Amino acid sequence: MTGVVLGVAAAFCWAGLDVVRKALADKASPVAIAVVLLLGQLPFLFVWASIDGSWVARDVYWGPALGSMAMNALANVFFMRSLQLSPMSRTVPFLALSPAFSLLVAAPLLGEVPSLPHVAGVALVVAGSVVLNSDLGARWWGGVIAEPGARYMIAVAFLWAGSLALDKVALPHAAPSTHALILTAGSGVMLLLWVASQGRLGELRVALRAPRPLLFGLVAFAVAAIGLQMLALGFLWVAVVETLKRGLGVVGSIVFGRIFFLEPFTGRKIMAAGLMAGGAAVLALT
């Protein structure tokens with residue numbers, strides 16, 4: 001039950017982070033916001049790691065950790081680009097593919113072969129995404145063409161699934177606090193060096209001129225989300241963490257999209273939210 005509580009709490013923090021990132025999407029470039037998001041977490045994660053008082057236990061940690069860093073960095077940029085191109089309620093639901101990607105990635109990497117309830121929970125979440133986007137074209141996959149941000153978000157779903165699996169490979173060799181700090185620092189530095197190599201450091205100043213409450217919310221939600229997620233991975237399978245995060249996160253994106261961005265409620269969205277919440281509940285009770 002501890003793992004489920006941690007996973008659900010992380011899911012709601014990710015949903016809150018999605019809202020803040022959408023609000024910041026037109027304030028600066030995707031890369032600049034991603035750099036601020038990642039580097040802004042470091043003081044808080046450093047305090048957590050310092051209190052924890054642990055470090056990397058084995059050198060085998062660094063291979064999966066570096067892979068996760070690179071995938072996480074690219075995913076953050078693609079996420080912001082997707083929100084710039086399309087409405088939140090039309091793009092975030094494609095992240096529901098992430099649990100399916102997690103099942104495919106975690107089986108060979110971690111030996112996490114899903115049971116029938118696991119598959120059923122993931123299927124409900126993916127079905128909710130199909131229902132939600134069924135009006136985008138003759139087929140659901142037509143939504144990839146209809147929404148310019150959808151292709152970026154599907155790439156994000158795959159990158160985050162792969163990153164999370166690599167996180168779990170790395171965690172036996174480092175404390176959750178240490179890995180959260182190293183992962184975030186590494187991803188942030190990778191992006192910062194790329195921005196500098198392109199002569200685009202001025203974009204960071206633009207991002208830092210965004211409203212202070214939004215920047216604070218960006219960092220606060222991110223710190224809480226990554227911390228809770230690292231702890232949840234100690235109790236739950238990768239696919240379970242991803243399904244809780246996506247199922248509840250998409251429900252949150254629909255609700256928050258209405259509250260903050262006046263994106264309309266429809267019968268289709270309500271049905272999709274029900275399916276996704278049901279899938280998350282199946283996994284929580286498995």
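**Salt bridges**

Reply: A place to begin is Asp 18 and Arg 21, whose side chains meet in a salt bridge with 3.1 Å from N to O. The model is a predicted one, and the count of salt bridges in it comes to three.

Me: Why is the contact of Asp 18 and Arg 21 called a salt bridge?

Reply: The criterion asks for a side-chain nitrogen of Lys or Arg within 4 Å of a carboxyl oxygen of Asp or Glu, and the N to O value for Asp 18 and Arg 21 is 3.1 Å, so the pair qualifies. The two residues are three apart in helix H1, which means that about one helical turn separates them. Asp 18 is buried, and Arg 21 is buried as well.

Me: What makes Lys 27 and Asp 26 a salt bridge, and how is Asp 26 classed, as buried or exposed?

Reply: The side chains of Lys 27 and Asp 26 meet at 3.2 Å, N to O, and because the limit is 4 Å the contact counts as a salt bridge. Asp 26 has a relative accessible area of 65%, and since exposed means over 50%, Asp 26 is exposed. Lys 27, at 35%, falls between the limits of 20% and 50% and is therefore partly exposed.

Me: Which class of accessibility do Arg 200 and Glu 203 belong to?

Reply: Arg 200 has a relative accessible area of 23%, and Glu 203 has 23% too. Buried would require a value under 20%, so Arg 200 and Glu 203 both count as partly exposed. Their side chains meet in a salt bridge at 2.8 Å, N to O.

**Helices**

Me: How do you know that the span of helix H1 agrees with its number of residues?

Reply: Helix H1 takes in residues 2-24, which is 23 residues, and at 1.5 Å a residue it should span 33 Å; its end C-alpha atoms are 33 Å apart, so the two values agree.

Me: Why is H1 described as largely enclosed by the rest of the structure?

Reply: Of the 23 residues of H1, 18 are buried, and the helix is therefore largely enclosed. For the protein as a whole, buried residues make up 55% of the 286 residues. The buried residues of H12 include Leu 215, Val 219, Ile 226 and Met 230.

Me: How many helices and strands does the protein have?

Reply: There are 14 helices and zero strands.

**Aromatic pairs**

Me: Why is the pair of Trp 14 and Trp 160 called tilted?

Reply: The structure holds five aromatic pairs. In the one formed by Trp 14 and Trp 160, the centres are 6.3 Å apart and the planes make an angle of 40 degrees.

Me: What makes the pair of Phe 78 and Tyr 152 edge-to-face?

Reply: Phe 78 and Tyr 152 lie 5.5 Å centre to centre with 75 degrees between the planes, and because an angle over 60 degrees counts as edge-to-face, the pair takes that name. Phe 78 belongs to helix H4 and Tyr 152 to helix H9, so the pair ties together parts that are 74 residues apart in sequence. Phe 78, at 23% relative accessible area, is partly exposed, and Tyr 152, at 30%, is also partly exposed.

**The largest cavity**

Me: Which residues lie nearest the centre of the largest cavity?

Reply: They are Trp 14, Asn 72, Asn 76, Trp 160 and Ile 226, out of 19 residues in the lining. The cavity holds about 210 Å³ of space, and the structure has three cavities of 30 Å³ or more. The largest share of the lining, four residues, comes from H9.

Me: How many of the lining residues are nonpolar, polar and charged?

Reply: The lining of the largest cavity divides into nine nonpolar, six polar and four charged residues.

Key
Residues numbered from 1 in each chain as written. Predicted model: local features only at pLDDT ≥ 70, side-chain atom pairs only at ≥ 80, totals over all residues. Heavy atoms only, no water. Expected span 1.5 Å × (residues − 1). Buried < 20%, exposed > 50% of the residue type's maximum accessible area, 1.4 Å probe, protein only. 1 Å grid on protein atoms, 1.4 Å probe; cavity = no way out; pocket = protein on both sides within 12 Å on 5 of 7 lines; lining within 4 Å. Points joined across faces, edges and corners; volume = space filled by probe spheres on them. Nonpolar A, V, L, I, M, F, W, Y, C, P; charged D, E, K, R; others polar. Phe/Tyr/Trp six-rings, centres within 6.5 Å; stacked < 30°, edge-to-face > 60°.
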